[in-house]
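Student: I would like to go through the labels used for this structure and see what each one rests on. Can we take them one at a time?

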2 protein chains.
Amino acid sequence: MPDKALACELPDFHDIEQAAARIRPYVRQTPVLQDVALNDSLGCQFLIKCENLQGGGAFKLRGASNAVARLREQGSGGDVATHSSGNHGAALAMAARLDGRQAHVVMPENASAFKIAAVRQQGGKVYFCPATQAGREAGMEALLQLGYTAIPPYDHFDIIAGQGTACLELLQQVPDITTVITPVGGGGLIGGTALVASHMGVVSVGAEPEGAADTACSLAGGKRVTEVEADTIADGLRALVGVRNFALIQQLVERVITVSDAEIRQAMIDIFRHFRLLVEPSSAVVLAAARQQPEHFRGRKIAAIISGGNITPEDWIKTSQWERNASGSAMIE
Amino acid sequence: MPDKALACELPDFHDIEQAAARIRPYVRQTPVLQDVALNDSLGCQFLIKCENLQGGGAFKLRGASNAVARLREQGSGGDVATHSSGNHGAALAMAARLDGRQAHVVMPENASAFKIAAVRQQGGKVYFCPATQAGREAGMEALLQLGYTAIPPYDHFDIIAGQGTACLELLQQVPDITTVITPVGGGGLIGGTALVASHMGVVSVGAEPEGAADTACSLAGGKRVTEVEADTIADGLRALVGVRNFALIQQLVERVITVSDAEIRQAMIDIFRHFRLLVEPSSAVVLAAARQQPEHFRGRKIAAIISGGNITPEDWIKTSQWERNASGSAMIE
């Protein structure tokens, strides 16, 4: 378990169970799928938990709904603010709107157009910042000066508890899972996942892009690095891992596998081939990790959390660099 | 219930229950999803049964698996043959391969490249024919001369029973559904669906493209028409409704709503906006129908069967004629 000094700021399994009950009216129970041909090619049973089919197209609605519901329980009104590459911002805007609040969202200037539009469609106000950790934090600080309540995207008790409900739901849906693979960006999803998994005796593994491998680097050095110059197609995983999040990962996650953008591209195409799902590059890292290091998974019943599907068909084609040959057969299994 | 003369050739609810047990090892239980914003815009609860996430990307695996398993039970070996716009062909090839058989598939020369490739990837042999009902039947006849066993795509006892398992599973997954909307092409899916729905006191409605409205025309005339000149983007619904299928529709389906290609295009985009799913135009007819005639559905709990997702992102963009504006906001709800 997390060390004592930090434990007071970290959710535990019970908090995640409470979050699940709290957010039930606002989120979808997402499906779990598998494909025989994919299982055969990986040498393991590889289930996907489809949070890309969550409301708003990403798991982020879980954490945002939990955080806003907690504010309401505490009688805390008023506007909320965050920084986000997009999915958390849109989820917070959606949760805030349902609760009669305004959300203010600082977004990096290189955020995807699709995600910027999603925040606005949910009624969120968008503010652009330089695409660095410092830029995000400065933008956020400016909003907090205005008196808004901060709901940061991952380094937050209620956010981590909310994101953990995806893994809780998964392990309730499917028995006998030995290992859960989760994308690692800021660490909200893997933090909550690792809490649930460890409580239930399941191994937790992370998957991170090589171009934003600050968590793998922090683990190797035994200390959280504080700057990352992200260069990866996985736009949802460019953020620096949070303090609470790193503490959870360090203590509860067995390993973090880093994958190249080329491996991510191939995994995007493979997920379409096997499941007919368009997923974000940030989601495809989980399959890329299983392909790269099959020795950790062989013969087991693995589940991977597909974190989001907020990518247009055009951007999916560009990002995956997929080219159909004359027969279209490159796509098909 | 169907009239006596035909009843001997038609499956009943019990046959569909048996089919469900028979095919369980070969098919996925597909998820049922809904979206609050879509429900609000339609004025009803609109659930989608995601057979686009079935193995092979379409409900067709249900019927094909049932038909092949029945051959095995009967000790009937050897090659199987069919005609198909693609999804049934690929499903039959997959089911045949798993059973150690060869599948031969007659396809219209205007079949989608994606679907042709899918048949071949499953080990099926493809034969092209003119894109007419007569062309399909002549091609099929030539194959039967070679001694292969016919597993036609819809006008077949075991196929109808197999396709009916999608609705059976749906009604077991979700209580209190009042109405099921199903695409109408050859009528395999709606035939099986109507059998299950009527047995369980649920209303059955069909959705058919205006450009291949032979079923609506047959219903209006009280007699099955025997030729259709199909002109619609819904490539999976161009076939003429089958004899058994029309008998079931005539007696068990409340109405068949015809929709334009423009309405289908809009529904494809709406399904992506609300669920992040790329679906075939043949699937989108169900939402187009609910949008066009909301008076039949208002205030009810409706389920629509999304029949397939076998379309590439490129073809989806072309077929839906979707253009993203600068912000991407056309896509987003």
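Student: What makes His83(A) count as buried?

Tutor: This is a predicted model, and the label comes from a count. His83(A) has 27 other C-beta atoms within 10 Å. The cut-off for buried is 20 or more, so His83(A) is buried.

Student: Where is His83(A) found, and which residues does His83(A) touch?

Tutor: His83(A) is found in strand 3 of chain A, residues 80–83. Not counting residues up to four places away in sequence, His83(A) touches Val106(A), Arg136(A), Gly139(A), Met140(A) and Pro153(A).

Student: Is Gln54(B) buried or exposed, and how do you know?

Tutor: Gln54(B) has 26 C-beta neighbours inside 10 Å. Buried needs 20 or more, so Gln54(B) counts as buried. Gln54(B) is found in a loop, the one between strand 2 (45–50) and helix 4 (60–73) of chain B.

Student: Which residues is Gln54(B) in contact with, leaving aside its neighbours within four places in sequence?

Tutor: They are Val27(B), Arg28(B), Thr30(B), Phe59(B) and Leu61(B). Arg70(B) is 16 residues from Gln54(B) in sequence, and their C-alpha atoms are 21 Å apart in space.

Student: Why are helix 2 and helix 8 of chain B called roughly perpendicular?

Tutor: Helix 2 (residues 13–23) and helix 8 (residues 157–173) of chain B pack at an angle of about 90°, and their axes are 8 Å apart. Angles of 65 to 115 degrees count as roughly perpendicular, so helix 2 and helix 8 of chain B get that label.

Student: Which residues make that contact?

Tutor: Helix 2 of chain B gives Asp15(B), Ile16(B), Glu17(B), Ala19(B), Ala20(B) and Ile23(B). Helix 8 of chain B gives Ala161(B), Gly162(B), Gly164(B), Thr165(B) and Leu168(B). By class, the contact of helix 2 with helix 8 of chain B has six nonpolar, three polar and two charged residues.

Student: What makes strand 1 and strand 9 of chain A edge strands?

Tutor: Start with the sheet, an open one of six strands in the order 1-2-10-7-8-9 (chain A), with mixed pairing. Strand 1 (32–33) and strand 9 of chain A each have a single partner strand, so one side of each is left without a neighbour in the sheet.

Student: How do you know that strand 2 and strand 10 of chain A pair?

Tutor: Pairing needs at least two bridges. Six bridges join strand 2 (residues 45–50) to strand 10 (residues 301–306) of chain A, and these strands run parallel. Ile48(A) stands opposite Ala304(A) in strand 10 of chain A.

Student: How many bridges join strand 3 and strand 6 of chain B?

Tutor: Two bridges, in the parallel sense, link strand 3 (residues 80–83) and strand 6 of chain B. The cut-off is at least two, so strand 3 and strand 6 of chain B count as paired. In strand 6 of chain B, Thr149(B) is the bridge partner of Val80(B).

Student: What sheet does that pair belong to, and which helices lie across its strands?

Tutor: An open sheet of four strands has the order 5-4-3-6 (chain B), with parallel pairing. Strand 5 (125–129) and strand 6 (149–150) of chain B are its edge strands, each pairing on one side only. Helix 5 (residues 87–98) of chain B lies across strand 3 and strand 4 (103–108) of chain B, at about 175° to strand 4. Helix 7 (residues 133–144) of chain B lies across strand 3, strand 4, strand 5 and strand 6 of chain B, at about 160° to strand 4.

Student: Which residues of helix 10 of chain A are buried, and what do they pack against?

Tutor: In helix 10 (residues 214–221) of chain A, the buried residues are Asp214(A), Thr215(A), Ala216(A), Ser218(A) and Leu219(A). They pack against strand 8 (203–209), helix 11 (243–252) and strand 9 (255–259) of chain A. Just after helix 10 of chain A, Gly222(A) takes a positive phi of about 75°.

Terms used: Residues are numbered from 1 along each chain as its sequence is written. Chains are lettered from A and ligands numbered from 1 in the order in which they are written. This is a predicted model: local features need pLDDT of at least 70, side-chain atom pairs count only at pLDDT 80 or more; totals for chains, interfaces and linings use all residues. A residue is buried if 20 or more other C-beta atoms lie within 10 Å of its own, exposed if 12 or fewer, and partly exposed in between; C-beta atoms are placed from the backbone. Two residues are in contact if their C-beta atoms, placed from the backbone, lie within 7 Å. Axes are lines fitted to C-alpha atoms, for helices over the stretch in contact, and angles run from 0 to 180 degrees between N-to-C directions. Angles under 35 degrees count as roughly parallel, over 145 as roughly antiparallel, 65 to 115 as roughly perpendicular and the rest as oblique. Ala, Val, Leu, Ile, Met, Phe, Trp, Tyr, Cys and Pro count as nonpolar, Asp, Glu, Lys and Arg as charged, and the others, Gly among them, as polar.
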